[in-house]
Amino acid sequence: MRNPQDHGWAGLTNGELLRRAKEEFDLFITSDQNIRYQQNLAGLQISILQLSTNDLRRIQAAAAAIRSAVVSIQRGEFKKLNIP
């Protein structure tokens, strides 16, 4: 799995990161709770999966739910996954 740091994209704003990511990736996973309201997501043609937490232990515990969300997300869809 590649991440933004592998591309030298660390420090980019979310808007610029999304614009670059859509050229190389099908899915953008984030825990930024405001991305939907701060960015114009219309027409980006990249799926966005928003996790409800950035707590690594909770994310690891929810691996099966995350995998399921990744498999079912449609191109260009925004989906929020609530992680207990």
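Contact here means heavy atoms within 4.5 Å. The model is predicted, so local features need pLDDT of at least 70 and side-chain atom pairs count only at pLDDT 80 or more, while totals for chains, interfaces and linings use all residues. Residues are numbered from 1 along each chain as its sequence is written, and side-chain values use heavy atoms, with hydrogens and water left out.

**Ser 52 and its surroundings**

Ser 52 touches Gln 33, Lys 80, Leu 81, Asn 82 and Ile 83, leaving aside residues up to four places away in sequence. Asn 82 is 30 residues from Ser 52 in sequence, yet their C-alpha atoms are 5.0 Å apart. Ser 52 sits in the loop between strand E2 (47-51) and helix H3 (56-61). Helices (H or I, at least four residues) and strands (E, at least two) are DSSP runs, numbered from the N terminus.

Thr 53 lies in the loop between E2 and H3. Gln 50 belongs to strand E2. Thr 53 is buried at 7%, and Gln 50 is buried at 4%. The cut-offs are under 20% relative accessible area for buried, over 50% for exposed, and in between for partly exposed (1.4 Å probe, protein chains only).

| Side chain | Partner | Distance |
|---|---|---|
| Thr 53 | side chain of Arg 58 | 3.3 Å |

Beyond four places in sequence, Thr 53 touches Ser 31, Gln 33, Arg 58, Ile 59 and Ile 83. With the same exclusion of residues up to four places away, Gln 50 has contacts that include Thr 30, Ile 35, Phe 78 and Leu 81.

**Nonpolar cores**

In soluble globular proteins, nonpolar side chains tend to be buried together. A nonpolar core is a set of buried Ala, Val, Leu, Ile, Met, Phe, Trp, Tyr and Cys residues joined through side-chain atoms within 4.5 Å. The largest one has 12 residues, among them Trp 9, Phe 25, Ile 35, Ile 46 and Phe 78. Helix H1 (residues 14-24) gives the most to this core, three residues. Another core, of eight residues, lies apart from it and includes Leu 51, Ile 66, Ala 69 and Ile 83.

Technical notes. Polar contact = N/O pair within 3.5 Å; in protein donor to acceptor, adjacent residues only side chain to side chain.
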